Amino acid sequence: MSDAVAQKVLAAIAQMKKIPPETIALDSSLEELRIDSLDGLNLFFDLEEAFDISIPDEAAKKMQSVRQIVEGLDQLIANKNAPNPLAANQD
Amino acid sequence: MPRRRVAITGFGVISAVGRNSAEFWAAISRGISGIGAIEVIDRSQLRFPNAAEVHGYRTEDYFASERTSLLDRFAEFGLIATREAVRTSSIEFTSAARERTAIVTGSAMGGQTTEDIAFWDLYRLQRSRVNPLSVPKIMTNALASHISMEYGITGPAFTLSTACSSSNHAIGHAFWMVREGMVDLALTGGSEAPLSFGNLKAWEAMRVVSSDTCRPFSKNRSGMILGEGGGMLVLEPWDAARARGAEIFGEIVGFGMSADAHHITSPSADGAGRAVKSALADAGLAPEAIGYINAHGTGTLANDATETAVIRNVFGKHADRLAVSSTKSMHGHALGAAGALEAIATILSLRNEILPPTANFVEPDPACDLDVIPNIPRTASCEYALSNSFAFGGLNAVLAFRRPAA
């Protein structure tokens with residue numbers, strides 16, 4: 001799991017929920033953080049901008065905790081940087 | 001004035017499953033879906049490739065060239081449906097009748113294809129001006145205005161815009177106006193043409209559109225499929241329809257509405273349930289009278305589970321004896337036109353004694369444990385049916401229908 005990605009995700013959640021990033025545990029679920037479906041859309045939108053990636057709907061559905069978001073983003077960023085162009089567009 | 005019975009004496013439709021009501025019924029009564037690859041715009045930059053589009057639609061097949069410069073695709077669909085509805089009703093508009101006729105239409109988005117083109121011209125092509133007819137093409141009431149001009153109708157005319165409930169709100173208000181004697185005829189329904197690039201990107205960002213197809217109430221459902229089209233009804237007092245020897249295709253008997261006051265996108269079983277109960281109360285019907293519900297049934301995880309809870313809450317044990325289906329699985333979610341398409345589906349279901357199925361159904365979901373008529377149409381004789389519309393923003397509208405009297 002990438003630290004840099006984790007820091008950005010924590011910062012994005014902290015800004016959205018107006019809470020200190022250090023209070024957010026990696027294993028917190030979005031529900032525990034009171035991030036509802038609409039907050040989630042905004043969070044994914046911000047993260048797509050931050051990492052210049054597209055998060056497919058299926059991947060977004062699996063991102064139900066901070067850790068799952070970071071791991072999912074790691075995968076999408078790796079795909080984006082992969083030499084095979086088809087792998088980057090697996091929607 | 002005592003309440004009048006309200007007869008449906010005409011209907012017309014254009015949709016992904018048919019350019020008129022005969023084609024529409026032939027498809028949905030057999031479970032044939034109109035969902036397929038988007039062709040009206042370049043789909044390569046969309047995460048979802050499919051919609052319920054009126055494939056091969058050509059304006060010039062329906063409208064003279066001097067007219068088309070004034071019409072957005074959404075208004076064209078509404079006018080095409082209106083023409084069929086007026087034709088089937090055999091109504092003849094005298095000048096007195098024109099003053100006593102209402103037009104009530106629904107559209108969530110109006111002429112947003114025109115808006116998309118205008119913004120493309122400005123922002124992308126760096127043009128300094130847009131088509132001068134953009135404003136009258138974009139306005140949500142354009143359909144109501146064009147209907148009034150085409151038929152010379154001078155009575156009350158207006159448009160309701162409540163997202164996915166728009167047409168049900170429109171039809172409900174037209175029904176009440178006829179029932180209460182405010183007018184002697186109403187043309188009502190709605191239309192939508194939401195398949196522009198900008199709008200589809202907005203829906204993509206909502207993450208509610210399936211990259212596959214619309215599978216309402218199925219465990220593996222993955223979201224809605226956007227649709228386009230128009231549907232229109234002719235409503236008139238029962239006695240007047242009988243007196244002029246009109247064919248009565250069905251009856252609207254109740255209308256109910258409510259607001260969730262809950263969340264801008266998440267549905268509430270409580271709010272939607274109040275609209276269903278209100279429609280039953282308005283119709284003076286016990287829940288046990290209902291035989292079929294044309295569900296809102298969008299195919300999203302949230303809607304279908306919540307709608308199941310609504311039906312269980314309102315109908316209790318009778319929920320297990322009800323047939324429920326979502327025809328959105330075939331004609332897509334036509335947003336502000338959804339209620340109009342589904343009203344016509346419901347009227348024809350009662351009249352023809354065939355209940356259209358929920359198409360594309362794969363696997364039962366314990367959270368949607370209703371009889372959803374999976375994939376195979378069913379022969380059934382029902383006297384009363386409901387058609388649900390539950391909109392984003394928590395605005396709910398439910399219509400109650402009765403089959404034509406024998």
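Modeller: Buried area is the accessible area that two parts lose on being put together, summed over both. Keep that in mind for this predicted model.

Colleague: What makes about 940 Å² the buried area of chain A and chain B?

Modeller: The figure sums what both parts lose on being put together. Chain A and chain B bury about 940 Å² between them. Carbon and sulfur atoms carry 45% of that area.

Colleague: How many residues of each chain are in contact?

Modeller: On chain A, 13 residues; on chain B, 10.

Colleague: Why is the pair B:Arg207 and A:Glu48 called a salt bridge?

Modeller: The cut-off is 4 Å, from a side-chain nitrogen of Lys or Arg to a carboxyl oxygen of Asp or Glu. B:Arg207 and A:Glu48 stand at 3.1 Å, N to O. That is within 4 Å, so the pair counts. Between chain A and chain B the count is four salt bridges.

Colleague: Which helices of chain A each supply at least two residues to the side that touches chain B?

Modeller: Helix H2 (37-51) and helix H3 (57-61). The largest share, five residues, comes from H2(A).

Colleague: How do the residues on that side of chain A divide?

Modeller: Six are nonpolar, two polar and five charged.

Colleague: How do you know that the predictor is confident in chain B?

Modeller: The pLDDT scale runs from 0 to 100. Chain B has a mean of 97, and 100% of its residues reach 70 or more. For the complex, the predictor gives an ipTM of 0.77 and a pTM of 0.94.

How values were computed:
Residues are numbered from 1 along each chain as its sequence is written. Chains are lettered from A and ligands numbered from 1 in the order in which they are written. This is a predicted model: local features need pLDDT of at least 70, side-chain atom pairs count only at pLDDT 80 or more; totals for chains, interfaces and linings use all residues. Side-chain values use heavy atoms; hydrogens and water are left out. Contact means heavy atoms within 4.5 Å. Buried area is the accessible area (1.4 Å probe) that two parts lose on being put together, summed over both. Helices (H or I, at least four residues) and strands (E, at least two) are DSSP runs, numbered from the N terminus. Ala, Val, Leu, Ile, Met, Phe, Trp, Tyr, Cys and Pro count as nonpolar, Asp, Glu, Lys and Arg as charged, and the others, Gly among them, as polar.
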